[in-house]
Amino acid sequence: MITRTVKLPRTLVDKIDGLVEKGEYSTRADFVLHAMRQTLATYAFKKEEMYKTASNFKVTDQQVIDLFSNMSATFLKGLDEYTGELVQINTRVPEGLDSKVSVLIKPEYGLKNKTEYARASIICLLSVLTEINDVFEDAEKMAAQQKRMTEIINKIVIDGLSSGKSTKEILDLAYDKLKETEL
């Protein structure tokens with residue numbers, strides 16, 4: 001195991017602490033280690049995606065360099081959103097992971113050293129977590145909308161049947177009601 005130290009702005013550490021408090025991570029160091037692993041996967045998936053979508057032409061080394069340097073620049077720019085005194089986090093990194101990270105530590109990829117990689121990886125993981133949360137939030141909204149639609153339709157059907165309306169009349173009422181209902 002290798003100890004890596006990363007200094008982060010207080011507001012960013014507060015965000016990590018929030019995830020630790022929610023029980024999503026056991027410690028700050030656990031978050032940083034997960035971020036480093038996730039970021040390796042993110043770079044690999046993006047490179048693989050590039051090769052898959054480029055089936056009709058050859059992907060050049062320069063295109064990979066451009067992809068990686070743009071990703072790195074985006075993650076490092078994301079750090080600028082956070083402010084405050086710098087807080088040090090020490091993380092024990094397995095040697096195998098550390099050697100994989102070394103592959104991305106190239107000036108042409110936009111990463112000067114492993115500390116910079118760790119800092120960028122934290123922003124990468126936060127963006128992935130935001131995407132995941134958005135998906136679950138959207139799913140919850142959709143489930144609530146479906147429940148509301150079902151309640152509306154059930155009420156129309158019950159009222160229609162109890163008042164002797166035909167199936168066509170009930171369906172027309174349901175259709176009209178759903179059109180005017182804001183979900």
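The largest nonpolar core in this predicted model has 41 residues, and the two with the most contacts inside it are Phe31 and Ile122. Several elements give two or more residues to this core: β1 (2-9), α1 (10-21), α2 (28-53), α3 (61-78), β2 (86-93), α4 (95-102) and α5 (114-162).

Which residues does phenylalanine 31 touch, once its neighbours within four places in sequence are left aside? Phenylalanine 31 is in contact with Ile16, Leu19 and Tyr25, and also with Ile122, Leu125, Leu126 and Leu129.

## The chain as a whole

Now let's step back and look at the whole chain. Its secondary structure comes to six helices and two strands.

How does the radius of gyration of the chain compare with that of a compact globule of 183 residues? The chain has 25 Å, while such a globule would have a radius near 16 Å. Along the principal axes, the C-alpha atoms fill a box of roughly 75 × 50 × 30 Å.

Of the 183 residues, 33% count as buried. The accessible surface of the chain comes to about 11600 Å², and carbon and sulfur atoms account for 54% of that surface. Contacts can also tell you how the sequence folds back on itself. Among contacts between residues at least 6 apart in sequence, 75% join residues at least 24 apart.

Although arginine 92 and isoleucine 2 are 90 residues apart along the chain, their C-alpha atoms are separated by 5.4 Å. Beyond its neighbours within four places in sequence, arginine 92 is in contact with Met1, Ile2, Thr3 and Leu33.

## Salt bridges

How many salt bridges does a search of the whole structure find? The search finds seven.

| Residue with N | Residue with O | Closest N and O atoms |
|---|---|---|
| Arginine 10 | Aspartate 14 | 3.3 Å |
| Lysine 114 | Aspartate 98 | 2.7 Å |
| Lysine 155 | Aspartate 159 | 2.8 Å |

Arginine 10 and aspartate 14 both lie in helix α1, four residues apart, which is about one turn of the helix. Arginine 10 has a relative accessible area of 27%, so this residue is partly exposed. Aspartate 14 is partly exposed too, because its relative accessible area is 39%.

Lysine 155 and aspartate 159 both sit in helix α5, four residues apart, or about one turn of the helix. Aspartate 159 counts as partly exposed because its relative accessibility is 37%.

## A closer look at lysine 114

Lysine 114 has its place in helix α5. The salt bridge between aspartate 98 and lysine 114 has its closest N and O atoms 2.7 Å apart. This pair links distant parts of the chain, with aspartate 98 in helix α4 and lysine 114 in helix α5, 16 residues apart.

Are aspartate 98 and lysine 114 buried or exposed? Both are buried. For lysine 114 you can follow the reasoning: buried means under 20% relative accessible area, and lysine 114 counts as buried because its relative accessibility is 18%.

Leaving aside neighbours within four places in sequence, lysine 114 is in contact with Arg4, Asp98, Val101, Ser102 and Ile105. One name on that list, Arg4, joins Asp98 and Lys114 in a network of salt bridges.

## A serine tucked inside

Finally, find serine 72, which lies in helix α3. Its relative accessible area is 0%, so serine 72 is buried. What surrounds serine 72, apart from its neighbours within four places in sequence? Serine 72 is in contact with Tyr43, Tyr109, Gly110 and Leu111.

Methods: Residues numbered from 1 in each chain as written. Predicted model: local features only at pLDDT ≥ 70, side-chain atom pairs only at ≥ 80, totals over all residues. Heavy atoms only, no water. Core = buried A, V, L, I, M, F, W, Y, C linked by side-chain atoms within 4.5 Å. Buried < 20%, exposed > 50% of the residue type's maximum accessible area, 1.4 Å probe, protein only. Contact = heavy atoms within 4.5 Å. Rg over C-alpha atoms; globule rule 2.2 N^0.38 Å. Areas by Shrake-Rupley, 256 points an atom, 1.4 Å probe, with all protein chains shown as cover. Salt bridge = Lys/Arg side-chain N within 4 Å of Asp/Glu carboxyl O.
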